[in-house]
Each structure stands twice: as C-alpha cells, then as structure tokens.
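Q: Please take a close look at the disulfide in this structure and describe its geometry and its setting.

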Amino acid sequence: MSVREDPQAQPVRPTAEDPVAAAGSELIGGPTGRRALLGTSWWTPVRIVAIVAIGMFALGMAQKLPCYDGGWFYGATAQYTHACYSDIPHLYNGRGFALDLVPYFDRIPDSVSGGMQYLEYPVLTGLFMEVASWMTPHGGSIQDREQIYWLVNAGMLMVCTAVIAVCVARTHRRRPWDALLVALAPAFALTATINWDLFAVALTAAALLMWSRSRPLAAGVLLGLATAAKLYPGLLLGPLLVLCLRAGRLRAFWTAAGGALAAWLVVNLPVMVSTQGGLHIRDGWKTFYTFSQERPVDFGSVWLIISQRTGNSLEDVNTYGTVLMALACLGVAALALCAPRRPRLAQLSFLIVAAFVLTNKVYSPQYVLWLIPLAALARPRWRDFLVWQACEVMYFLGIWMYLAYTGSGDQHRGLPAEGYQLAIAVHLLGTLYLCALIIRDALVPERDPVRRDGSDDPGGGVLDRAPDAFVLGEARRASRYEGAALVDWGVHREPDRGVHRE
C-alpha cells in the first residue's frame, strides 16, 4: 500500500485551517502560500513567538506606568481607576524585604505587615521574591526602592514569559504557531506583573514540554518545583494518572510523581522543619497553607456573588468548594476513561485547573495566567480563545472599578457591587464556555483542531499513539477498540490507495 506524505512531518499553518487566523494575517500580507519556504530564515516560529511575547509583556509594563509614577503611592484609588495595581511594590516593604528580614524565618512586625506574621507565599515564590530584593539597592527613599523592586521583578518575570512562549511553541512539534495565542493574549499582558504567578507558570510549561519529549522524570521534577512555587501545578498529576492508567503507562506516571515529590521536598524541607526545641513544623512555612484555609470568601468567586446576594458569610465555603472540586475531579476522570478516544493531556490539564479556578473561594485577576498556556494547547482556535479573553479582560477591569467604588467613600466612583457581580459572572461563563468546547472535543475527537490531521496527542509523550489498556463505558465495547486498536482521527484509509485526507 502506498502512503502519501506523513502528516506528522509538516508544520501546521494556522492561516490554512483557522478563519480568524487567516483574516488576522491580512495585516502582514495574508495567509502563508503553499510555496512559501518555511524554516529557511533566522526568523523561526519559536523565535517570532518569543519576541512577540516579550513585546506584549513590555506593553503590559507600559500599562502600569500611571501607577509607577505615583498611583501606587499617592491617592486612595488611583491605582484602581487606572487598572494598574500590582502586589509587588506594596509587599516589598509590607513583607519585610525592605528590612532584610528572611522569609519564613523572621517574624514580620505588625506595624509593617498589618498583621501577617510571615510571608504567605509558597517557598519557591518566596525565594524568587528574596532574590529580587537582593538585586534592589538599599539606598534612597522607600518609594524609589519599591519602584526598583518592581522593575527587577518585571525583568525576571519577562524571562519567565520567554520561557513560557518557547515551551508552548515546542510542546506540539508541528504546531509552534499555537503559542501566538499565549504571546498575544491581552489578559496575559495586563496581569503579568500583578504578582509572581508567571514563575510557577513557566515551570509548569517546561514540565509539559519535558513530558511531551517522553522524559517523565524531568517533567516530574519541574512539576514539583512548580508546585513549590504555586499550589495549582500539583493538580496536573491527576490527569497524568488517569491517562497513564488508560494507556497502561503507569510506570511513567510513578516516575513523574516520584520526581515531583522529591523536588518539592528538596525545596520545602529546609524551611518546613525546625529542630529548635524539638522537631516540629515551622510556623513561617505553614502560613501559606493556614492563610489559604482560613481566608473568607473573597474577590472573583461564585461564592462572593452568593454571599453578597444572600447576606450569608458562607463560613462552610471550604467544605462546599472541596465537594464541588472532588465532583469535578471525578468528572474529569470519567471523561478520561470513558471518552471514545483517550483525551489529550492538555485538554484534561485545562479542565482540572479550570475546575479549581471555578470552585475556589477567591479568583485574583492574575490567575488567568495559569490557564492561558493550557488553553493554547487544549483548544488552539482563535475565535474561542478571544471570546474567553474578552471575558477575562472585562473581569480585569471590573475588579479594579469595584475596588475604586469601595475605596472612594461617598463619592461612589467606580462599579457598584451589582456591576462587579456581573463581571464575575462573565468570567465564570467565559471559562465554562471554553471548558464545554474542550469536553466536546474529547467526546467527539473529530472536532478537536489538533487531531483533525490524524494526530493523536502530540504533547502526550509516552501516551502519544499508545493503545488503550483500560477503558470504561461505551468506549470499551466500541469496535474501534477491539484489540486496543488505535484510530487515526480525520484519516480515511482505503486498501491499496494510500491515505486520503477527508
């Protein structure tokens, strides 16, 4: 049987398969022609994506200029009305970095922190913050030092941005241009320097790249480091477990899980355990976990809408959120084991992190950074991505206008509670919209943009094109799984006629 050119050998051109990308390409001369010489210039897709991402990051920095010039330091609501708030300059002094206090070890005076005795961030993020403080000059006024501290952190976060762009571009070998979704995401530029989340996002993106290269140990180590910087990356072990179970690749999962645990312990143990006065867990290390557990219903969550509308403080919100998250995890596991074809890792990763975002009792605007790289890998379609991004930008503006309203006293300048509740609802619906499309792609693999050319899971590493070993539901009885056979979605084979693309 003769076989035409292997679809895995040629890079995918989004302008040839995505109408929105094709329309947008008119700004730079139109879609790529079939006679174009790709890969013959220094301007490779990965380099272009990285440069665009850095450029957008720089625009995001420029958007913070009104706050840099005074909004962070003068006026009660200027940083909100200009939508340029950032935690970074405020916490330089507020968490003791200006006083050379060591995070997790030195107690922060109440007069400085306002009651937070220790740094409330995971250990690796605390180290990131501390390294930035070492590079911040200790002379001059506190305002000058806070400005420089923000600039230093912005420079380090820009490196993280480049890492994210490169990793996403390389995770799906034939789809480097999908990373432009990350590079051009407006919510990415707007939220990149609000907090330190990009550090964990970069480590997570690197972990997914290593997994796609069938290097589970390296992926696990990076995932463990990411979890030591932010809690959410640890959720990705769940999708890995059920996918490896279905594919009979549990050895790869245990390798990754072991690497993640080892890396997390290496980072946390020196800070977590104190031998002074007997072996015990250090209070400074516990602060992140106790603070997360004890904080009440907060900004951006569905629980805030319920609390404000009913007047109920929802003291049992931890229980409600945990139950809903557990149900979501069961749903993702059922999808992984019962779908007609094993879902892709990026699809389940997006769904599990989105479930955490939707059920959590707080949604800070920078949390969208967790989802953007996963969305680009899970559903690389510009229309759907931009719809979701529009919802996130509306929420970004909504929270600052609401804070401006609550901080302006009797003047009531900004967005009242009802308007902010609408902004939260828009964010929730936008995320649910993208989740629904990804679930549909998993249930109907022919609709998955990544699989339309016959690909399986280009980011799946050892899972890619692996036959199933454990399947539940209707998929188990489907004829396409007799003998654990593998289906080339979008490919129709005819005897002695090669491969025909439908």
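A: **The disulfide link**

The link of Cys67 and Cys84 is right-handed, with 75 degrees about the S-S bond. Cys67 belongs to helix α4 (residues 65-71), whereas Cys84 sits in the loop between α5 (78-81) and α6, so the pair ties together parts that are 17 residues apart in sequence. Helices here are DSSP runs of H or I with at least four residues, numbered from the N terminus.

This is a predicted model, in which local features need pLDDT of at least 70 and side-chain atom pairs count only at pLDDT 80 or more, while totals for chains, interfaces and linings use all residues. Residues are numbered from 1 along each chain as its sequence is written, and side-chain values use heavy atoms, with hydrogens and water left out.

A disulfide is a covalent bond between the sulfur atoms of two cysteines. The criterion applied is a pair of cysteine sulfur atoms within 2.5 Å. The structure holds 1 disulfide, and the S to S distance between Cys67 and Cys84 is 1.9 Å.

As to solvent exposure, buried means under 20% relative accessible area, exposed over 50%, and partly exposed in between (1.4 Å probe, protein chains only). Cys67 is buried, because its relative accessible area is 0%. Cys84 is likewise buried, with a relative accessible area of 0%. Cys329, at 31%, is partly exposed.

Notes. Helices (H or I, at least four residues) and strands (E, at least two) are DSSP runs, numbered from the N terminus.
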